[in-house]
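Subject: The structure for you to look at

Hello,

Here is the structure I promised to hand over. Please open it and keep it beside you while you read my notes.

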Amino acid sequence: MSFISEFKAFAMRGNVVDLAVGVIIGGAFGKIVSSMVDDLIMPLVSLFMGDKGFKDKFFAFSSQSFESLAKAKEAGVPVLAYGNFIQTVIDFTILAFVIFLMVKGMNNLKKKEETAAAAAPAPVELTKEEQLLTEIRDLLKK
């Protein structure tokens, strides 16, 4: 088997393609969650905190004071940007919770399908006597 045909066989396996699709959709889903946090949740948090949220929280290792993280970085001062870390943890927590809900929902659907399949009783085979009685009943109906 040539190198190219071997690579083609590897790349076209179902699980490799599924993984690629999962990574692409996961990246897009991550952007959706980040937007939800940045545009919907953090403005509500800002109402309670009285400022712009966590992203601009920092500690500058300098005697100077800076009004924003961007200005401190622009000045070349080493900073501890703990607000961005908190924001990333919030993003991750929300993403993990949403994925948990999705997996839980999928498991519930799968469980319902399994229960429905198990609940459908197998056709009971009638004894000869019951078959005869059934035939007599059907004849009497006619």
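Below are my notes on what was found.

A word on the source: this is a predicted model, where local features need pLDDT of at least 70 and side-chain atom pairs count only at pLDDT 80 or more, while totals for chains, interfaces and linings use all residues. Residues are numbered from 1 along each chain as its sequence is written, and side-chain values use heavy atoms, with hydrogens and water left out.

Let's start with the helices. Helices are DSSP runs of H or I with at least four residues, strands are runs of E with at least two, and both are numbered from the N terminus. Helix α4 covers residues 82-119, which makes 38 residues. Its end C-alpha atoms are 54 Å apart, which agrees with the 56 Å it should span at 1.5 Å a residue. (The expected span is 1.5 Å times one less than the number of residues.) Within α4, Gly83, Gln87, Asp91 and Ile94 are buried. Here buried means under 20% relative accessible area, exposed means over 50%, and partly exposed is in between, using a 1.4 Å probe and protein chains only.

Helix α5 (residues 128-141) has 14 residues and reaches 20 Å from its first C-alpha to its last, close to the 20 Å expected. How many of the 14 residues of α5 are buried? The count is zero, so this helix is hardly covered.

Next, the nonpolar cores. A nonpolar core is a set of buried Ala, Val, Leu, Ile, Met, Phe, Trp, Tyr and Cys residues joined through side-chain atoms within 4.5 Å. The largest has six residues: Phe58, Ala60, Phe66, Leu69, Ala72 and Val77. A second, separate core has five residues, including Val33, Val37, Met42 and Ile94. In soluble globular proteins, nonpolar side chains tend to be buried together.

Leaving aside neighbours within four places in sequence, Ser68 is in contact (heavy atoms within 4.5 Å) with Asp56 and Phe58. A polar atom of the Ser68 side chain also lies 3.2 Å from the backbone nitrogen of Lys71.

A search of the whole structure finds two. In one, Glu67 pairs with Lys71, with the closest N and O atoms 3.1 Å apart. Glu67 is exposed at 67% relative accessibility, and Lys71 is partly exposed at 41%. In the other, Arg137 pairs with Asp138, and their closest N and O atoms are 3.3 Å apart. Arg137 is partly exposed at 44%, as is Asp138 at 35%.

Finally, the structure holds one aromatic pair. Phe59 and Phe61 form it edge-to-face, at 5.2 Å centre to centre and 85° between the planes. Rings of Phe, Tyr and Trp (its six-membered ring) pair if their centres lie within 6.5 Å; planes under 30 degrees apart count as stacked, over 60 as edge-to-face and the rest as tilted. Phe59 is partly exposed at 45%, whereas Phe61 is exposed at 51%.

Enjoy exploring!

Best wishes

Note on methods: Salt bridge = Lys/Arg side-chain N within 4 Å of Asp/Glu carboxyl O. Polar contact = N/O pair within 3.5 Å; in protein donor to acceptor, adjacent residues only side chain to side chain.
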